[in-house]
Amino acid sequence: MALLEAKNLSVSFDTSDGIVKAVKNIDFAIAPGECLGIVGESGSGKSQTFLAAMGLLPKNGHASGSVTLNGTEILNLPINKLNSIRGSSMAMIFQDPLTALTPHLKVGEQMQESLGIHQGLSGRKARKHCLDWLDKVRMPEAERRLEQYPHELSGGMRQRVMIAMAMLNNPKLLIADEPTTALDVTVQAEILDLIADLQKNEGTAVALITHDMGVVARMCDRIEVMRYGAYVESGSADDIFYAPKHEYTQRLLSAMPRLDTVQEDRVKIDAEKLLTVNDVKVHFPIAMSKGLFPKKVPLKAVDGVSFDIMAGETLGVVGESGCGKSTLARAVLQLIPPSSGAVSWLGHDLASMPKSELKQYRKDLQIVFQDPLASLDPRMTIADSIAEPLKTFRPDMTVRERKRKVEEMMERVGLEQSMINRYPHELSGGQNQRVGVARAMINKPRLIICDEAVSALDVSIQAQIVALLKELQDEFGMSMIFISHDLSVVRDVSDRIMVLYLGRVVELAHADAIYKDARHPYTKSLISAVPIPDPKIEKSRSRLKIPGELPSPLNPRAALRFLPSKLRAGEMTYIPKLQETTPGHWVAEHDPLDVILAGDPLADQALVS
Amino acid sequence: MFGKNVKHQDLANEVNAELNVKGRSLLRDARDRFVRNKAAMASLFIMIFIALFTIVGPYFAVWSNEEIDWNRMGDIARQGVPNLENGHFFGLDELGRDMYARVIQATTISLLVGLIGAFMALVVGTLYGTISGFVGGRVDSIMMRIVDILMAIPGTLVIILLLVVAGRSFVMLFIALGAVSWLTMARIVRGQTLALKNREFIEAARAAGVSETVIMFRHILPNLMGVVIVYASLLVPDMILAESFISFLGLGISEPYTSLGRLIAEGAGTMAYGTLWQLAFPLTFYVAIIISMFFIGDGLRDALDPKDR
């Protein structure tokens, strides 16, 4: 018998624009111990389905139909009855583990709260129970964590706490709503492993809501594909991935960039060297103590990065959050002045140039931002936004000429002419990102920096924007620096790839070389953590886990995480050097992989303190 | 015959451009939301009615505000009662002057005080706050410390001192009210500017080579408009209240001019002699103005910041 069964479930919202139907008459069932994946893009209603089942809809939401848990109806139960089910029979974990934890309560206190309600446990017994579960979710130094506040934990650890809290009362069903979307790939891999283990060892059924086909391929037995509030296709993981029937599923699968596809060699690159970045450092002084004259410690966001870009080339920059990718982009554009080092554009050093002179080079250097809505002025029509660079660099143009140029560019990036007077809030994320691309392209720059330009978009939109960028590159021949945390996308667009770790380059090589022949342990662990949307490959892959947490970039010894031999030798300030192992393949110095995997208590201590 | 006529083509293009879907700007959205807010709309109509009354009202007045009705001034309590026949619609005041004309005059002045005071605060505060927030760094620290110091001095005291030292006059009253009211405005605007300054679209403008001054006027100021409008609309009743308080103390507007605050003060003084109308009429106008301005301000906030509701 099904554990959770929904029949004819509909969810609608009263909004000022009328009634919006978020979920339309769907049926699904989850058997005990299985993992059901619900895949869909944003706005497809996948979260609302389960929020309705949990009775967590906002006030203007209405659910109808039937949801049964173990045969008892739970839809639209009064709150007091729901509370005895929520948390004990089914539990939910959310996307953002920081907002889902109460900031002023210690981890231990938060966890004991639900124990007191559902099992009547308190005091030492409850504490013991919490500790057990923190151990089960493989929380490092679990005992100390009980006394810490959520903000003291890293994103991955917070999500572990969330899972431990959800599992405290041994629920039959764990609903995971995009549990890893806000996390880095390596942390995502660990959390997914953890959920899979819980499912196996505790027999908990899991409903995994996600937009990422790779995650689904790795985790799920059965899959429901959701679109516009309805299920378009359902079946076993193999059916969906190897024999998708619905056109939308096929489109989703083909839109997903894959890490393991072989890239055909792209058009040859001109030999002209456009941009040379030499030993750029960006340090932010961070006050470590209070008082009138606090002690300042430099946060080395970017710490000695060098690379160059040829005309027409695409350089991919990957790294996890906090590795300095975005800061590097802004340092190259002189939006943040670098603390030291040189950025030279066709032989002119931009970093030492006065502002007035810099302006003429801005025409050739453009950027596309991550958040399409935030990067457009909400009070300007999109045509005005696109025309803005024209106003600065082509003051000779008449209003009509400028308008014609904007219209041309809008057409080129796939925006309808009729949208010319629209405002950003009326457009979808993908359309807004097209506006961002049009604005960057309007002066035909020679270098575009895409700072996570597709990360905030749905998979299918992401594919469209990537395709657009590639087309524009073929047409105008500009170079690109493509920054992303998503290795699959970077692989899809880049000629060469640079891997950043805490502000330093650890590996720089041709795109294929990085994926086929990664040398640095960090690169290896990154690549092995990326899920591939193919259940057979995904379930057979082994993962490389580097022990320990990511050290703080404020720690001067953090750079030596992959060189514990130097730490042991007492050379705490040693800086790993880049070495060219094969022509064009640069790797930072590191100890052999097995030494790092073995872990070194002494080195770990040096990194934590 | 049907050759290419450039002029016609251009005309056609222009017509086409007009036919393009007109975007709904944030301000238009806000206006739609405001129109749907019944309390705010009703208040807006009351305010329009009061404003019209101050313009049209004098044409119906039989007596001027300076004339003293000698025949009736001897027995105000009985003969000065509001009366449609003798032209004293709102009755007489203690000196035998026509309340109707006096209330119109007072309402005009109180509204002027509110609007001009709020406008001064708006201009000075917005400029000061934007510059402070946008330039940032040491300039910001110095500018904000100045505001802190000025804020530490009680506003009423500043107004009273200014009026006593420089003498009571219209101009001085506006200066005094403006001098205390821009401080909060500057702080609010600075906070908003700081938040806006780090938004990506400012960075995008910078990357597009737009100069800092242009960024301030083209990107920062228009985005501040929502907050500024809301706060200014809430400042209007504050200004009227402040002026009334000053006038109640006997400073502020002086004869032959008058304000609602003064009329209320006078009316309150003669309440005991059974001439309640001297208090009731100015008070009604006063309360109507204050309450509707607050409702309008609230409505504006809901309309401009739908997320904060």
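Let's start at the end of chain A, with a pair of strands: strand 21 (residues 578-582) and strand 22 run antiparallel and are joined by four bridges. Strands here are DSSP runs of E, at least two residues long, and helices are runs of H or I, at least four residues long, both numbered from the N terminus. Two strands count as paired if DSSP finds at least two bridges between them.

Before we go on, this is a predicted model, so local features need pLDDT of at least 70 and side-chain atom pairs pLDDT 80 or more, while totals for chains, interfaces and linings use all residues. Residues are numbered from 1 along each chain as its sequence is written, with chains lettered from A and ligands numbered from 1 in the order in which they are written.

Back to our hairpin. T582(A) stands opposite H585(A) in strand 22. Two residues lie between the strands, and G584(A) takes a positive phi near 80°.

What does strand 22 (residues 585-588) pair with over two bridges? That partner is strand 20 (residues 504-510), again in the antiparallel sense. Here E507(A) stands opposite V587(A).

Now zoom out with me. Chain A has 23 helices and 22 strands. Buried residues, meaning those with 20 or more other C-beta atoms (placed from the backbone) within 10 Å of their own, make up 47% of the 609 residues. The C-alpha atoms fill a box of roughly 70 × 65 × 55 Å along the principal axes.

Finally, contacts: two residues touch, in this sense, if their C-beta atoms, placed from the backbone, lie within 7 Å. Among contacts between residues at least 6 apart in sequence, 69% join residues at least 24 apart.

Conventions:
A residue is buried if 20 or more other C-beta atoms lie within 10 Å of its own, exposed if 12 or fewer, and partly exposed in between; C-beta atoms are placed from the backbone.
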